[in-house]
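These notes are meant for a colleague who is opening the structure now. They go through it point by point, from the whole chain to single residues.

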Amino acid sequence: MLLWFIRYATFLLLLLGGLVGSAVAQAPPAPPAPAPPAPAAPPATTPSLTVMVVDVQALLQNSKAAKMVRGQIEQKRNEYTKEISHQEETLRAERDALQKQQATLSPDALNQKGRDFQQKVNDLERNVQGKRQALEKSNGEALSKIQEEMLKIIADIAKQRKSNLVFQRADLVLFDQAFDVTDEVLQKLDEQMPALTVNFVAATPPPSPIEPAPSSAAPKPKKK
């Protein structure tokens, strides 16, 4: 009886050991540890926008240098006007004298004097055109110097204010007056360029059109 009990107990132990081993072998693996969260991407930075507005036309009208240039150009224009008026009076007197000579001059002499007079009129017109072009060029060169200095001042102010966008007043319809730096630019422009002397270019009349010379050879008769 004791021997049977021992065998039975051994059988239970072996059975229990098999069941425990089978349970351990069939147990599901432990779940993997969760991956650490990815670091958050830094927020995208948008560059700040700082705007300036400049009234360029006002600067070219109200700056000391611009006013000085305008006065010199007007003075030179008046000188040219007087010179041209004197030449016109001379031509009018010559025209009146030529009209009085019509009855006493031969047709060839009258035609020659008429051609000479017309040439003088053409020369005067080219002289007027040359003076006008000289004034425009002189004025343009002087204003370019003012604009060059103006742009340097605007760039310096934009750098100080860290502005990355500058508008011209004429291109805008509506804006906040706090963005307008025209007065500041004008003050610095008057300090750095209080005067400007215009370098007048020579007034050169444009070349006269070349007229074809009349042919002196008589036309050859056609062969029959």
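**Notes on the predicted model**

1. The protein exposes about 17400 Å², and carbon and sulfur atoms supply 59% of it. Accessible areas here come from the Shrake-Rupley method with a 1.4 Å probe, and for residues only the protein chains shown count as cover. This is a predicted model, in which local features need pLDDT of at least 70 and side-chain atom pairs count only at pLDDT 80 or more, while totals for chains, interfaces and linings use all residues. Residues are numbered from 1 along each chain as its sequence is written, and side-chain values use heavy atoms, with hydrogens and water left out.

2. The protein has 5 helices and 2 strands, in the order α-β-α-α-α-β-α from the N terminus on. Helices (H or I, at least four residues) and strands (E, at least two) are DSSP runs, numbered from the N terminus.

3. Of the 224 residues in the protein, 21% are buried. Buried means under 20% relative accessible area, exposed means over 50%, and partly exposed lies in between (1.4 Å probe, protein chains only). Among contacts (heavy atoms within 4.5 Å) with a separation of 6 or more, 87% are between residues 24 or more positions apart.

4. S138 is located in helix 4 (residues 107–161) and counts as buried because its relative accessibility is 1%. Leaving out residues up to four places away in sequence, S138 touches I73, V198, N199, F200 and V201.

5. I154 is also in helix 4, and it counts as buried because its relative accessibility is 9%. Apart from neighbours within four places in sequence, I154 is in contact with M52, V54, V166 and V185. For I154 and V185, which are 31 residues apart along the chain, the C-alpha atoms are separated by 6.6 Å.

6. How many salt bridges are there? The count comes to 7, where a salt bridge is a side-chain nitrogen of Lys or Arg within 4 Å of a carboxyl oxygen of Asp or Glu. Side chains of opposite charge can pair when their charged atoms come close.

7. One of the salt bridges joins the side chains of K131 and E83, at 3.3 Å from N to O. This pair links distant parts of the chain, with K131 in helix 4 and E83 in helix 3 (residues 64–100), 48 residues apart. K131 is buried, since its relative accessible area is 8%, whereas E83 is partly exposed at 34%.

8. K131 also lies over the face of Y80, at 5.2 Å from the ring centre. A charge sits over a ring if NZ of Lys or CZ of Arg is within 6 Å of the ring centre and within 35 degrees of the ring normal. Another such case is K76, whose charged end sits over the ring of F200, 5.0 Å from its centre. F200 is one of the residues that S138 touches.

9. D123 and R126 form one, with the closest N and O atoms 2.9 Å apart; both residues lie in helix 4, 3 residues apart, about one turn of the helix. D123 counts as partly exposed because its relative accessibility is 29%. D96 forms a salt bridge with R95, the closest N and O atoms being 3.4 Å apart. Both are partly exposed, D96 with a relative accessible area of 34% and R95 with 35%.

10. On the surface, L49, L165 and F167 form a nonpolar patch with about 260 Å² of accessible area together. Patches are made of residues with over 30% relative accessible area and no salt bridge; like charges are joined within 9 Å, and nonpolar side chains (Val, Leu, Ile, Met, Phe, Trp, Tyr) within 5 Å. L49 is in the loop between helix 1 (2–26) and strand 1 (51–54). L49 counts as exposed because its relative accessibility is 61%.

11. Phi of K162 is near 60°, a positive value in a residue other than glycine. K162 is exposed, as its relative accessible area is 68%.
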